Amino acid sequence: MFLIRQLISILLFSVPLAINAHHSVAVHFSEETVTYAGTIAELKWANPHSSLLLVVTNEDGTSDEYRVEFLSKIALERSEFNFDSLQNGFIVDITGRVGVRNQRHLFFQQAVLEDGRIVTARSPLQVR
């Protein structure tokens, strides 16, 4: 009987942790969108969130880094995202929602490649 009570207690205390494990994008990113031109320095296709590091060179020669967050890898796969469409070293214009706590953290909306192709999070590589 004691073992059953312990098991039930563990399960009940674990539920809030599981519910809090995933968060809405709305909590961490504002509705404001920005576009930056830069070079992809690092890609991470992983769960729970994929991301890339965008290096933007300013007019004075200094550079800024922006962490661009995507949906999870599995969500991108389900939407037939073309993972080969973005690679380290690519020069892109990335549009994303600005982070609430960190202005250098964006939530990916789209990327425009040098050849004009458009990459979105919810669709395969598009040509326009």
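Mentor: Here is a walk through one loop serine, its contacts, and two further sites. Keep in mind that the model is predicted. Start with S72. S72 sits in the loop that runs between β3 (63-69) and α3 (73-78). Is S72 buried or exposed? Its relative accessible area is 16%. Buried means under 20%, so S72 counts as buried.

What does S72 touch, leaving aside neighbours within four places in sequence? The contacts are A46, N47, P48, H49 and S50. One of these, P48, belongs to the loop between β1 (29-44) and β2 (51-57). Look at the peptide bond between N47 and P48. That bond is cis, with omega of about 10 degrees. Most peptide bonds are trans.

Now go back into β3. E65 lies in that strand. E65 is partly exposed, at a relative accessible area of 46%. Leaving aside neighbours within four places in sequence, E65 is in contact with L53, L54, V55 and R104. Take L54 from that list. In sequence, E65 and L54 are 11 residues apart. In space, their C-alpha atoms are 5.6 Å apart.

Finish past α3. E80 is placed in the loop between α3 and β4 (91-99). E80 is not a glycine, yet its phi is positive, about 65 degrees. Most residues other than glycine have a negative phi. E80 has a relative accessible area of 57%. Exposed means over 50%, so E80 is exposed.

Terms used. Residues numbered from 1 in each chain as written. Predicted model: local features only at pLDDT ≥ 70, side-chain atom pairs only at ≥ 80, totals over all residues. Heavy atoms only, no water. Helix = DSSP H or I, 4+ residues; strand = E, 2+ residues; numbered from the N terminus. Buried < 20%, exposed > 50% of the residue type's maximum accessible area, 1.4 Å probe, protein only. Contact = heavy atoms within 4.5 Å.
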